[in-house]
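Notebook open, structure loaded. I want to look up a few things and jot down what I find.

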Amino acid sequence: MSDVHRSRPSPSAWNVANAITVLRFLLVPLFGWLLLRDGGSDDASRLVAFTAFAAAMVTDRADGELARRRGLVTDFGKIADPIADKALTGMAFVGLSVIGDLPWWVTVVVLVREWGITALRFVVIRRGVLPAGRGGKVKTALQAVALGLFILPLPDAVDPVQLTVMSVAVAVTIVTGIDYVLQAVRLSRDSRGGTV
């Protein structure tokens, strides 16, 4: 029985789940162009940008579930999937700041947290894996909703809702980032203790 499992070939990186991930990468420049078109003042482009953003966020969930259900999890997918997410949300944050809809400090705080934690994962990978917790999933969902509200050409009356959701998203982004740093410190400390 174990020989059968041992001889089972690894799934090819050329599979439908990874194809969806690559499609998300390709949507990033299109989304960015639509968002920035005419300095963000073209409502039709903003609506199409929102559609591209929403489609990419929905397929993020779909490709992960598909890969797990069909046994298509690959090293490429493990690396490319979170990078595609960060490229998309990063483009949204930067684009919204460029057109003046979102303060730059918000974008800087979020990007430093996102790419900082990604770098941290690579640094500690020799000692263990920092698992994506429930807080990380809540953070991603809140960011998606907040960004969607800012991308859509909504009336000024909705501004308080946009600002409230974005404030909660940024707060959760910071708190979960601190949690990941503490996990990395504990992981590093435990691994050193185990090697003594």
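**Entry 1: ground rules**

I call a residue buried when its relative accessible area is under 20%, exposed when it is over 50%, and partly exposed in between, using a 1.4 Å probe and protein chains only. I'm working with a predicted model, where local features need pLDDT of at least 70, side-chain atom pairs count only at pLDDT 80 or more, and totals for chains, interfaces and linings use all residues. I number residues from 1 along each chain as its sequence is written, and side-chain values use heavy atoms, with hydrogens and water left out.

I checked pLDDT, the predictor's confidence in each residue on a scale from 0 to 100. The protein has a mean pLDDT of 83, with 78% of its residues at 70 or more. Where is confidence lowest, and where is it highest? It is lowest in helix α1 (residues 2–7), with a mean of 48, and highest in helix α6 (residues 134–151), at 92. I also looked at residues 1–5, where pLDDT is below 50; this stretch has zero contacts in the model beyond near neighbours in sequence. Contact here means heavy atoms within 4.5 Å.

**Entry 2: overall layout**

How many helices and strands did I find? Seven helices and zero strands. Both kinds are DSSP runs numbered from the N terminus: helices are H or I with at least four residues, strands are E with at least two. I noted that 40% of the 196 residues are buried. I also looked at contacts between residues at least 6 apart in sequence, and 77% of them join residues at least 24 apart.

I went to T107 in helix α5 (residues 104–124). Is T107 buried or exposed? T107 is buried, because its relative accessible area is 2%. Its side chain has a polar contact of 2.6 Å with the side chain of S97, and it also reaches the backbone oxygen of F93 at 3.1 Å. For the term: a polar contact is a pair of N or O atoms within 3.5 Å; within protein, one must be able to donate a hydrogen and the other to accept it, and residues adjacent in sequence count only if both atoms are side-chain atoms. Leaving aside neighbours within four places in sequence, I listed F93, V94, S97 and L102 as contacts of T107.

A49 has 0% relative accessibility, so it counts as buried. Its contacts, again leaving aside neighbours within four places in sequence, are F31, L34, L35 and I151. I also noted that A49 and L30 are 19 residues apart in sequence and 7.9 Å apart in space, C-alpha to C-alpha.

**Entry 3: salt bridges**

My rule for a salt bridge is a side-chain nitrogen of Lys or Arg within 4 Å of a carboxyl oxygen of Asp or Glu. Searching the whole structure turned up six of them. One joins the side chains of R24 and D85, at 2.6 Å from N to O. Why do I say this pair ties parts together? R24 lies in helix α2 and D85 in helix α4 (residues 75–98), so the pair ties together parts that are 61 residues apart in sequence. Both R24 and D85 are buried.

I found R113 and E114 paired too, at 3.4 Å from N to O. R113 is buried because its relative accessible area is 10%, and E114 is buried because its value is 3%. Salt bridges that share partners join K86, R113, E114 and K139 into one network.

Then there is R37 with D42, where the closest N and O atoms are 3.3 Å apart. R37 has a relative accessible area of 36%, so I wrote it down as partly exposed.

**Entry 4: a loop residue and L36**

I looked at D38 in the loop between α2 and α3. Its phi is near 55°, a positive value in a residue other than glycine. D38 has a relative accessible area of 54%, so it is exposed. Last stop was L36 in helix α2 (residues 16–36). L36 counts as partly exposed because its relative accessibility is 32%.
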